[in-house]
Amino acid sequence: MSGQVWVSLISLGGVVLGGSLSYLVQHRTQLSAERAEQRRQRISLSETRRAERLALLERFVEVGAEAERSALSRPREWERTDDWFLTTRDVMHRLWVAERLIRIQFPLPVHDAARAYFLDLNRTVWEGLPDGDSVRDYLEENRLAFLDAARAVMS
């Protein structure tokens, strides 16, 4: 073979090798970019879910505090037409909904703690406590258990 053929073959080989290397680099860069985008989307989704959970916890705690105030202001005698009953019924309904949403958004241990607190609060609001018993003291254990379970999941 003549020198020009060898030069052409070496040149062609260089073009093929360079093209192959260029393709591999571009392919790896594309895969890396796709993985980075997927990681960014996972992080974004995780942050969104955390914000939703935090908002739900805030809602449950806020409505729980309203229900505790209703329990503290519970009259000895009340009728279904009293302002206290009408306000409290709405508060307890919102608390019931928030408790169900806790079950959807959180692991069962968090929901179980929220449910125990809700049941104690519901009993206290509608049935009251024996004279001398403190609403705060009665609810404290399950309230703290719920808050501790929620904190463990959120950390």
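The model on your screen is predicted.

**Stop 1: R143 and E68**

Zoom in on R143 and E68. Their closest N and O atoms are 2.8 Å apart, and the pair forms a salt bridge. R143 belongs to helix α4 (residues 135–154) and E68 to helix α1 (residues 3–72), so this pair ties together parts that are 75 residues apart in sequence. Are these two residues buried or exposed? Both R143 and E68 are buried.

Across the model, the count of salt bridges comes to 10. Side chains of opposite charge can pair when their charged atoms come close. Two further pairs deserve a look.

**Stop 2: D120 and R123**

Move to helix α3 (residues 108–127) and pick D120 and R123. They form a salt bridge, with the closest N and O atoms 3.0 Å apart. The two residues are three apart in the helix, so about one helical turn separates them. Now colour by accessibility. D120 has a relative accessible area of 11% and is buried, because the cut-off for that is under 20%. R123 is partly exposed, at 36% relative accessibility.

**Stop 3: R151 and D148**

Return to helix α4 and select R151 and D148. Their side chains meet in a salt bridge, 3.2 Å from N to O. How far apart are R151 and D148 in helix α4? They are three residues apart, about one turn of the helix. R151 is exposed, with a relative accessible area of 54%. D148 counts as partly exposed at 38%.

**Stop 4: the largest pocket**

What kinds of residue make up the lining of the largest pocket? The lining divides into five nonpolar, three polar and five charged residues.

**Stop 5: E77 and the loop**

Next, select E77. This residue sits in the loop between α1 and α2 (83–105). E77 is exposed, with a relative accessible area of 69%. E77 and S134 are 18 Å apart in space. In sequence, 57 residues separate them.

**Stop 6: the whole chain**

Zoom out and show the cartoon. The protein chain has four helices and zero strands. From the N terminus on, the elements run α-α-α-α. The radius of gyration is 32 Å, well over the 15 Å that the globule rule gives for 155 residues, so the chain is more spread out than a compact globule. Turn the chain along its principal axes. The C-alpha atoms fill a box of roughly 115 × 30 × 15 Å.

Of the 155 residues in the chain, 24% are buried. Then show the contacts. Among those between residues at least 6 apart in sequence, 72% join residues at least 24 apart.

To finish, go back to R143 and E68. With the cartoon on, you can follow this pair from helix α4 to helix α1.

Notes:
Residues numbered from 1 in each chain as written. Predicted model: local features only at pLDDT ≥ 70, side-chain atom pairs only at ≥ 80, totals over all residues. Heavy atoms only, no water. Salt bridge = Lys/Arg side-chain N within 4 Å of Asp/Glu carboxyl O. Buried < 20%, exposed > 50% of the residue type's maximum accessible area, 1.4 Å probe, protein only. Nonpolar A, V, L, I, M, F, W, Y, C, P; charged D, E, K, R; others polar. Rg over C-alpha atoms; globule rule 2.2 N^0.38 Å. Contact = heavy atoms within 4.5 Å.
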